[in-house]
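Please open the model in your viewer and keep the sequence panel beside it. The stops below are arranged so that each selection can be made in turn.

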Amino acid sequence: MTDQTPDIVATSTRIAYENRWMRVREDAIRRRDGSPGLYGVVEKDDFTLVVPVHDDGAVELVQQYRYPVGERLWEFPMGMWGPRGTDPLMVAAHELREETGLVAAHLLPIGKLYEAPGTMNQGAHIVLATGLTRGEAALETEEQDLITRRIPRAEFDRMLRDGEVRDAITVAAWGLLLVKGLVKP
């Protein structure tokens with residue numbers, strides 16, 4: 001029989017900050033060996049990241065200003081939509097259309113990744129979008145600076161190698177597609 005003692009147990013919790021998008025809590029904890037500690041946790045709803053791959057292997061990227069890091073970043077379309085627990089495929093279809101104007105004939109769930117599990121509970125549902133047709137984007141106010149671009153595969157590979165794509169979840173999602181054999185190396 002294996003030891004069922006949890007590695008860390010919260011002994012108390014207090015909310016340090018909260019708004020409609022996130023909550024920061026501070027937990028007093030006890031470790032497996034009995035030693036006390038303090039843990040800060042950022043709570044955010046999961047989001048969906050869509051990897052739009054065109055029939056010729058090109059990908060669709062968006063670029064927008066990310067205020068916390070003070071830079072414009074290239075990334076796959078992503079976002080949260082609907083109440084907690086909304087089907088990631090519905091979110092993928094919505095975000096893809098909203099940010100790029102693309103509509104996918106096929107949406108395939110790939111997996112779930114965590115961006116910063118040492119500090120945040122937010123997960124990313126990864127969805128592959130294929131059979132793409134172009135329509136009109138419907139950007140939200142927060143996305144008014146967003147641009148979208150169809151990137152040929154060779155250029156995308158170069159952007160990854162040269163560090164032009166620095167959004168970690170975008171890079172991780174592409175790696176997941178590669179190791180699962182869903183895109184060609």
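How many residues in the lining of the second largest pocket are nonpolar, how many polar and how many charged? The lining divides into 5 nonpolar, 3 polar and 4 charged residues; Ala, Val, Leu, Ile, Met, Phe, Trp, Tyr, Cys and Pro count as nonpolar, Asp, Glu, Lys and Arg as charged, and the others, Gly among them, as polar.

The model is predicted: local features need pLDDT of at least 70 and side-chain atom pairs pLDDT 80 or more, while totals for chains, interfaces and linings use all residues. Residues are numbered from 1 along each chain as its sequence is written, and side-chain values use heavy atoms, with hydrogens and water left out.

**The second largest pocket**

Select Val53, His54, Asp55, Asp56, Gly57, Leu128, Thr130, Arg153, Trp174, Leu182, Val183 and Lys184, which line this pocket. A pocket is an open set of points on a 1 Å grid over the protein atoms alone, where a 1.4 Å probe fits, with protein on both sides within 12 Å along at least five of seven lines; lining residues have an atom within 4 Å of a point. The volume of the second largest pocket is about 170 Å³, taken as the space filled by probe spheres set on the points.

Glu60 is buried, with a relative accessible area of 1% (buried means under 20%, with a 1.4 Å probe and protein chains only).

**The hairpin**

Glu60 lies in strand β5, residues 59-66; strands are DSSP runs (E) of at least two residues, and helices are runs (H or I) of at least four. Next select β6, residues 71-75, which runs antiparallel to β5 and is joined to β5 by 5 bridges. Val62 has Glu75 as its bridge partner in β6. In the turn of this hairpin, Gly70 has a positive phi of about 65°.

**The largest pocket**

Finish with Trp21, Lys44, Arg66, Met80 and Gln122, which lie nearest the centre of the largest pocket among its 49 lining residues. Elements that give two or more residues to this lining include β5, β6 and α1 (88-100). Helix α1 gives the most, with 5 residues.

Technical notes: Buried means under 20% relative accessible area, exposed over 50%, partly exposed in between (1.4 Å probe, protein chains only). Two strands pair if DSSP finds at least two bridges between them.
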